[in-house]
Amino acid sequence: WMRKPLFFALGFHPAFLARWAGFKVIRFMVWQKVHQDLIRWSQRPTVRNPFQTGQFGVAIEARFFRVEALLRSAQADAAATEAREALVALENCRPVDMYLPECWWIAFTALDAAGAEQDALACLRLAVAWIEQQALPNVPEEFRDSFLNRNPINRAVLTAAGRRLRD
């Protein structure tokens, strides 16, 4: 039996670590096979291209965060325009780290603030339908109250729906 050197346990050979010691940031994109077709920096996906990781998008989240920032800056019309564009992208791509009803909630608030009531209510309906038809059936009975009432997005969506939707 031979004892393996410590770098085997840590995963990196000392020569490798020495080679990269002078760098402050190391991006492991190539190792993770992200952007396999990326040849030049100018070809990288931007916020306008939500397909950063195949069918799921990271940039789409940034678009909805931008909608919120525009709303906080009292730019309701710009927020509504960005929300509409983000909603189109959302048809082909899902966010990676953002709860899907949150996307529709953000779009609802932006469109509502801009006076586009019918478009806003359509977003609210999508959020309610997803919560009630997609998620809720998968929530164990003992957690349903918490899911519906303690999750801040669910609570906001369902409260607004109770006040605004009359279907």
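Which pattern does the protein chain follow when read along the sequence? In this predicted model, the protein chain runs through the pattern α-α-β-α-α-β-α-α-α-α, and its secondary structure comes to 8 helices and 2 strands. The chain has 167 residues, of which 30% count as buried. Among the contacts in the protein chain with a separation of 6 or more, 55% are accounted for by residues 24 or more positions apart.

**Helix packing around H8**

Helix H8, made of residues 152-164, packs with helix H5, made of residues 100-113, and H8 also packs with H6. The table sets out the two pairs.

| Helix pair | Angle | Distance between axes | Crossing |
|---|---|---|---|
| H5 and H8 | about 45 degrees | 10 Å | left-handed |
| H6 and H8 | about 125 degrees | 10 Å | left-handed |

With an angle of about 45 degrees between them, H5 and H8 are therefore oblique to each other. On the H5 side of this contact stand Pro101, Glu102, Trp105, Phe108 and Asp112, and these residues meet Ile153, Ala156, Val157, Ala160 and Arg164 in H8. Sorted by class, the residues of the contact of H5 with H8 divide into 7 nonpolar and 3 charged, with no polar residue present.

For the second pair, the angle of about 125 degrees makes H6 oblique to H8. Here Glu117, Leu121, Leu124, Ala127, Val128, Ile131 and Glu132 in H6 meet a set of H8 residues that consists of Asn154, Val157, Leu158, Ala160, Ala161 and Arg164. The contact of H6 with H8 has 9 nonpolar, 1 polar and 3 charged residues. Val157, Ala160 and Arg164 of H8 are listed in the contact with H5 and are listed again in the contact with H6.

**An aromatic pair**

A pair of aromatic rings is described by the distance of the centres and the angle of the planes. The count of such pairs in this model comes to 2. In one of them, the rings of Tyr99 and Trp130 have centres 5.5 Å apart and planes at 80 degrees, and the pair is therefore edge-to-face. Since Tyr99 lies in the loop between strand E2 (94-95) and H5, while Trp130 lies in helix H6 (residues 117-135), the pair ties together parts that are 31 residues apart in sequence. Tyr99 is partly exposed, with a relative accessible area of 23%, and Trp130 likewise counts as partly exposed, at 25% relative accessibility.

**A buried leucine and an exposed alanine**

Is Leu111 buried or exposed? Leu111, which is found in helix H5, has a relative accessible area of 1% and is buried, because the cut-off for that class is under 20%. Leaving aside residues up to four places away in sequence, Leu111 touches Ala80, Arg84, Leu87, Ala116, Asp119, Ala120 and Cys123. The C-alpha atoms of Leu111 and Ala78 are separated by 9.9 Å, although the two residues are 33 residues apart along the chain.

Where does Ala74 lie? Ala74 is placed in the loop between helix H3 (59-72) and helix H4 (76-90), and this residue is exposed, with a relative accessible area of 70%. Most residues other than glycine have a negative phi. Ala74, although it is not a glycine, has a positive phi of about 60 degrees.

Notes. Residues are numbered from 1 along each chain as its sequence is written. This is a predicted model: local features need pLDDT of at least 70, side-chain atom pairs count only at pLDDT 80 or more; totals for chains, interfaces and linings use all residues. Side-chain values use heavy atoms; hydrogens and water are left out. Axes are lines fitted to C-alpha atoms, for helices over the stretch in contact, and angles run from 0 to 180 degrees between N-to-C directions. Helices (H or I, at least four residues) and strands (E, at least two) are DSSP runs, numbered from the N terminus. Angles under 35 degrees count as roughly parallel, over 145 as roughly antiparallel, 65 to 115 as roughly perpendicular and the rest as oblique. A crossing is left-handed if the near helix is turned anticlockwise from the far one by less than a right angle, and right-handed if clockwise. Contact means heavy atoms within 4.5 Å. Ala, Val, Leu, Ile, Met, Phe, Trp, Tyr, Cys and Pro count as nonpolar, Asp, Glu, Lys and Arg as charged, and the others, Gly among them, as polar. Rings of Phe, Tyr and Trp (its six-membered ring) pair if their centres lie within 6.5 Å; planes under 30 degrees apart count as stacked, over 60 as edge-to-face and the rest as tilted. Buried means under 20% relative accessible area, exposed over 50%, partly exposed in between (1.4 Å probe, protein chains only).
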